[in-house]
Amino acid sequence: MPVILWTDAMIFLLLATVLAAALWIRKRPHLVLPWQRVAKGSVGMVSLLVLSLFVLVGLLDTMHYRAALPEKSNGQTVYSAEVLSVFDALAIGLRSRTEKTYSAPLAAYLYAKESIETTDGKIRRDYPRLLYGGAHLADPQRELQGDVLKRTVVGALVGLLIGIFLIVVGNTVIRFFVKSRIDRSSTGQEISKDGSGIFTFTKAMKNKPFRALLITALLMAMLLGVTANLAAVYHVLGTDKVGQDVLYLALKSIRTGLVIGTVTTLVMLPFALLLGIAAGYMRGWVDDVIQYLYTVLSSIPSVLLIAAAVLMMQVYIEMHPEWFETSAARADLRLLFLCLILGVTSWTGLCRLLRGETLKLREMEYIQAAQAFGVSSSRILTRHIVPNVMHIVLIAVVMDFSSLVLAEAVLSYVGVGVDPSTMSFGTLINSARMEMGREPMVWWTLAAAFGFMLVLVLAANLFADAVRDAFDPRLNRTEAVA
Amino acid sequence: MIAYLIRRILYAIPILIGVNLLTFSLFFVVNTADDMARMQLGMKRVTPEAIEKWKQQHGYDKPLLFNASAEGAKKISDTIFFQKSARMFVFDFGSSNDGRNVAREIQTRMMPSLAIALPTFLIGLLIYITFALLMTLFRATALDMLGVSLCVLLMSISGLFYIIGGQFVASKLWHWVPISGYAGGIDSIKFVLLPVLIGVMGSVGASSRWYRTIFLEEIGKDYVRTARAKGLSELRVLFRHVLKNAMIPILTGVVVVIPLLFMGSLLTESFFGIPGLGSYTIDAINAQDFGVVRAMVFLGSMLYITGLVLTDISYTIVDPRVRLQ
């Protein structure tokens with residue numbers, strides 16, 4: 001039975017918006033232009049590729065369902081109370097192979113010593129073998145290193161081959177579809193110009209972003225191959241306190257990070273856009289009221305406002321347990337509320353920017369001309385003002401994403417973040433932070449959380465910079481001077 | 001100037017009232033006092049008597065806005081709004097759940113917060129601006145590229161990583177300084193050193209990049225060309241002309257946060273066990289002590305508004321063209 005949680009719905013809405021926007025932009029050359037500028041930068045394109053891998057995991061993890069239980073009660077199918085996602089189904093191996101407690105990455109033995117009964121009935125204290133990690137090895141102490149090395153090499157090769165195969169297939173497919181529209185000049189389609197299959201790569205390789213993209217794609221394919229091959233029999237990033245695979249936890253955290261980073265802006269955009277433009281265009285008392293509103297909101301330190309709001313929301317959710325069919329729905333609503341609250345605290349900045357820009361725009365000649373022609377206010381707003389502030393909105397959205405992902409971790413640490421049962425980078429770090437004092441140290445959970453977060457945020461930052469450079473007219477000038 | 005200041009402070013009052021109303025509705029209208037009592041006493045098997053007792057102890061057993069049963073002026077004053085919210089204007093923050101006076105608690109905890117936040121702020125400012133000036137000096141060279149890339153990398157790392165990593169390396173591996181704790185007087189240096197260092201490190205990426213953008217914007221202006229045409233050295237142009245003229249955008253971002261330094265940093269203080277306002281807030285959040293959180297929200301916005309006024313004053317100091325009227 002498919003389940004659509006609140007944040008799922010928001011993500012699908014967001015996806016639909018992005019697709020609609022893309023289709024709309026595609027037909028308009030002046031809107032395509034800045035995106036072509038983005039496509040020409042190799043850093044931006046490479047980070048986009050990395051981001052899209054994260055988005056793919058996030059999307060797979062967004063399609064939720066509840067599995068049907070085998071037994072039926074009087075003819076009706078009974079569904080499990082556990083909400084799973086397509087990603088859970090794909091990573092069933094990672095999810096189900098839980099150990100007893102901590103184990104280091106790629107280990108075959110448990111982290112803690114236990115009493116083991118030997119074959120001759122004696123009891124000795126030693127590190128027991130893991131249930132799944134390296135279980136196929138007869139003598140891990142001797143074979144482990146060789147096996148890991150072998151699997152790494154094989155995985156990398158297979159990944160590389162699959163990557164090349166996919167690119168060749170993709171190339172052929174693209175060639176097939178764009179044969180009629182040859183004169184478009186984006187990288188993928190350039191290949192099709194001379195229409196001779198794989199040999200076109202030599203030509204495309206002269207294109208720097210394409211080369212960087214290709215190399216990154218192949219490296220990513222190799223990395224995925226290695227991880228997949230190792231994860232089949234080992235815990236690549238170790239296991240946590242209750243024996244769950246850290247790689248699985250980290251991958252699950254991606255969705256939470258993406259939701260926080262994107263849904264928050266989706267939630268706040270209508271407010272910021274509507275109020276900012278209204279304040280700038282109408283001025284007078286409307287402007288005063290809106291300015292008062294955002295001054296009040298922005299004068300409260302955001303962490304405190306978030307903390308206060310989240311505390312209240314917690315009480316509210318505690319008091320209404322009857323709303324939620326499953327615990328996942330509850331945790332999900334908490335996540336949505338967190339996005340809402342983050343949105344409320346962060347819309348003020350964008351609102352102020354939009355107000356300023358609208359104030360400037362409404363004095364422009366073309367607006368005055370429109371007014372002189374008797375064009376209605378609503379039409380001026382939709383035809384002339386909104387399209388001309390969109391670049392500010394876009395820049396703000398992409399720039400906010402990474403700081404929101406980082407903020408989630410901090411908020412979860414403070415205790416006002418996501419539900420403790422929701423897997424997120426913040427909860428991962430929080431659960432692992434006390435283990436630094438252990439001897440030997442349990443470092444892998446922290447390393448995994450920080451590592452994944454770094455890659456995600458770095459890619460987002462670099463992509464945001466590329467987008468800003470392409471869209472911000474002011475910045476282009478200063479860069480040129482520099 | 002004085003007239004301007006008075007007007008500015010008067011203008012702050014409606015904003016503070018707005019903040020007050022917002023926190024009031026957030027804390028008392030969204031959830032009733034009964035809900036809060038139930039959360040405090042544990043969700044299961046709470047008798048109505050226990051809830052009443054808790055409410056009475058903490059002064060939540062009054063009507064929200066208007067007390068019809070009271071006499072005269074008490075109709076207004078004997079309410080939750082007046083007792084809990086309106087009295088914050090005279091710095092009466094009431095008491096926390098364990099019965100201690102919040103205002104006194106804030107007074108004693110301000111110093112440790114300041115001992116961390118002030119050095120972090122000053123050293124940070126010095127380092128970020130120096131770093132940004134260096135990048136501006138070597139603009140459009142490989143060195144600048146390297147600096148900017150480093151900034152992007154540093155700002156992509158979670159602040160938690162700096163704290164956890166710094167504690168691990170400096171305290172656990174090298175045994176430089178104690179992992180956490182605090183002491184008054186001269187002893188405090190060894191406790192303050194690491195948090196300050198980490199605090200500076202934590203925002204070096206974002207801040208340096210931001211200052212670099214400001215400097216780059218200035219360096220494209222005409223007066224810089226004039227200065228160069230006069231034959232001034234690039235260093236002199238940067239320090240004497242660009243830095244001075246970049247003061248307005250720098251002050252806009254910097255002065256606002258000075259009063260907020262009193263509030264301390266939530267993360268740093270709780271990780272390093274510093275008994276400042278930041279850790280006070282975190283403890284209150286974890287213990288769901290709404291009275292303290294409410295007080296901190298109000299205090300924070302008051303300090304922020306003070307910061308805005310200070311920003312305006314600072315403009316007149318660095319830029320003689322700005323006159324406050």
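Before the details, some conventions. Residues are numbered from 1 along each chain as its sequence is written, while chains are lettered from A and ligands numbered from 1 in the order in which they are written. Since the model is predicted, local features need pLDDT of at least 70 and side-chain atom pairs count only at pLDDT 80 or more, whereas totals for chains, interfaces and linings use all residues.

Let me begin with chain A. Its secondary structure consists of 18 helices and five strands; helices (H or I, at least four residues) and strands (E, at least two) are DSSP runs, numbered from the N terminus. Taken along the principal axes, the box filled by the C-alpha atoms of chain A is roughly 100 × 65 × 60 Å. Chain A has 482 residues, of which 38% count as buried. Here a residue is buried if 20 or more other C-beta atoms lie within 10 Å of its own, exposed if 12 or fewer, and partly exposed in between, with C-beta atoms placed from the backbone. As for contacts, two residues are in contact if their C-beta atoms, placed from the backbone, lie within 7 Å. Among contacts in chain A with a separation of 6 or more, 69% are accounted for by residues 24 or more positions apart.

Chain A is divided into domain 1 (84–231) and domain 2 (246–481), with bounds that come from an automatic or database domain assignment. In chain A, the contact between these domains takes seven residues from domain 1 and five residues from domain 2. On the side of domain 1 that touches domain 2, six residues are nonpolar, none polar and one charged. In this classification, Ala, Val, Leu, Ile, Met, Phe, Trp, Tyr, Cys and Pro count as nonpolar, Asp, Glu, Lys and Arg as charged, and the others, Gly among them, as polar.

Next, a strand pair in chain A. Strand β4 (residues 114–117) and strand β5 (residues 123–126) run antiparallel and are joined by four bridges; two strands pair if DSSP finds at least two bridges between them. A:Ser115 stands opposite A:Arg125, and A:Ile116 has A:Arg124 as its bridge partner. The two strands form a hairpin with five residues between them, and A:Gly121 in the turn has a positive phi of about 85 degrees.

A:Leu381 is found in helix α15 (residues 377–414) of chain A. Why does A:Leu381 count as partly exposed? Because A:Leu381 has 18 C-beta neighbours inside 10 Å. Leaving aside neighbours within four places in sequence, A:Leu381 is in contact with A:Ile277, A:Tyr281 and A:Val386.

I turn now to chain B, which has 17 helices and zero strands. Its C-alpha atoms fill a box of roughly 80 × 55 × 35 Å along the principal axes. Of the 325 residues in chain B, 35% are buried. For contacts in chain B between residues at least 6 apart in sequence, 66% join residues at least 24 apart.

Helix α9 (residues 188–202) of chain B has 15 residues and reaches 21 Å from its first C-alpha to its last, close to the 21 Å expected; the expected span is 1.5 Å times one less than the number of residues. Its buried residues include B:Phe191, B:Leu194 and B:Ile198. They pack against α6 (102–137), α8, α10 and α15 of chain B.

How do the chains meet? The contact takes 40 residues from chain A and 47 residues from chain B. Among the elements of chain B that each supply at least two residues are α1 (2–29), α10 (204–219) and α17 (290–318). The side of chain B that touches chain A divides into 32 nonpolar, twelve polar and three charged residues.

Finally, the cores. A nonpolar core is a set of buried Ala, Val, Leu, Ile, Met, Phe, Trp, Tyr and Cys residues joined through C-beta atoms within 7 Å. The largest has 169 residues, and those touching the most other members include A:Ala250, A:Leu311 and B:Val293. Helix α17 (residues 444–471) of chain A contributes the largest share of this core, 17 residues. Not counting residues up to four places away in sequence, B:Val293 touches A:Ala307, A:Ala308, A:Leu311, B:Ala284 and B:Ile285. A second, separate core of 16 residues includes B:Ala132, B:Ile219, B:Val237 and B:Ala246.
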